[in-house]
Number of protein chains: 2
Amino acid sequence: MSRKNAMSKQTSRELTRGKLLDQGVALIMEYGYHGAGLQTILQSVGVPKGSFYNYFPSKEDFSAEVIQHYIAPFIAALDSQLERPDISARQALRNYFQALIEEAARQEFRGGCLLGNLMGEVGETSEKCRIALHAAVQCYRDKLAEALRRGQQEGNFRQDLTADTMADLLVNQWQGALLRMKIEQSIAPLSESIERLLNDYFSP
Amino acid sequence: MSRKNAMSKQTSRELTRGKLLDQGVALIMEYGYHGAGLQTILQSVGVPKGSFYNYFPSKEDFSAEVIQHYIAPFIAALDSQLERPDISARQALRNYFQALIEEAARQEFRGGCLLGNLMGEVGETSEKCRIALHAAVQCYRDKLAEALRRGQQEGNFRQDLTADTMADLLVNQWQGALLRMKIEQSIAPLSESIERLLNDYFSP
């Protein structure tokens, strides 16, 4: 095989892997870890059943990668708000959550957060998923803490709680509110939670 | 069949139903809705496979009943704290959550809350479960609001937030903290959440 062919084979493999991860996010979000069938994921990407294990060692390893794949765009979205020179960190946080709330309404309250759903379903039965979930939540929480810390420096958040403590409260409250959203079929739990924490409890 | 025999058959049926619901709580808690097999639940209670449908019309109906069966003792536990004439409503809430935190430590952070796990997993794919989850969470949240309202009257909680708003925040925060507990293998998210809300944010 020529070097060019080898490279294009590598690229095609990476593309298929990426598509499998995208479909993994969509189907695990809708049906859960146990409810999402590997065969459905493979079919939707056009990969023959037997070849899954050319891409991932097991469903558990696949799901651990799905978790990383899922959280990356959220961190990027918050980063792109934080990089705006024209707004405060508090405004960046508000914009970020407002966009998530609008997206949840567009999606008609479906899905929630893949991390929250999987923490509930397999947080204790799959050690690989638990470790991947822990790393993803920590990374997300650290990004929120960075924003809250900058907001403290800008005088928009209280100083008597650490940014880490506020980030933990925000993550927990948001996760709980997403669960409530799904069963109440309403974005009210999300809006109310963000309003109470960012605009009230965290105020200086 | 004599009347006595009919009654004892009825009682035995109710006992078996109760055992199936108990096992449903345990297994759905550990493996999730899709991961918990009906056959395992039946075997553990000694009920022949084919006779499940004598007790429940479907796995979905069974799970909806499991949800009600699960929440009842939590409401009873909070009630029994609230009925104590020697303590304030705030102390009753503290005692109630402290007991849950100690139990979570004894269980080595396993399980979390069946309602939270199921809201994440099947909150949007099973309408029967969604309705049962909504009713159970509402009932639980109303009981917390009752305690918070009494705490406001006793001067121990702030008056500028409604008891319903505080109860919603408490439910969401607790659900999120339980998910974090599972992946961090620590009760710290629970203790920190209760401390921050009951002893700080909700203070007058």
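Me: What does A:E124 touch, not counting residues up to four places away in sequence?
Reply: A:E124 touches B:M29, B:E30, B:F109, B:R110, B:G111 and B:K182; contact means heavy atoms within 4.5 Å. This is a predicted model, where local features need pLDDT of at least 70, side-chain atom pairs count only at pLDDT 80 or more, and totals for chains, interfaces and linings use all residues. Residues are numbered from 1 along each chain as its sequence is written, chains are lettered from A, and side-chain values use heavy atoms, without hydrogens and water.

Me: Why is A:E124 called buried?
Reply: The relative accessible area of A:E124 is 16%. Buried means under 20%, exposed over 50% and partly exposed in between, with a 1.4 Å probe and protein chains only, so A:E124 counts as buried.

Me: How do you know that B:E121 has no salt bridge?
Reply: A salt bridge needs a side-chain nitrogen of Lys or Arg within 4 Å of a carboxyl oxygen of Asp or Glu. For the buried B:E121, the nearest side chain of opposite charge is B:K59, 7.4 Å away. Lys and Arg count as positive, Asp and Glu as negative, and His and the chain ends are not counted.

Me: What does the side chain of B:E121 reach at 2.7 Å?
Reply: The backbone nitrogen of B:Y33.

Me: What makes the relation of chains A and B a two-fold axis?
Reply: A rotation of 180 degrees with 0.0 Å of shift along its axis superposes chain A on chain B, with RMSD 0.0 Å. That is the relation of a two-fold axis. Copies are superposed by least squares on the C-alpha atoms of residues with pLDDT of at least 70 in both.

Conventions
A polar contact is a pair of N or O atoms within 3.5 Å; within protein, one must be able to donate a hydrogen and the other to accept it, and residues adjacent in sequence count only if both atoms are side-chain atoms.
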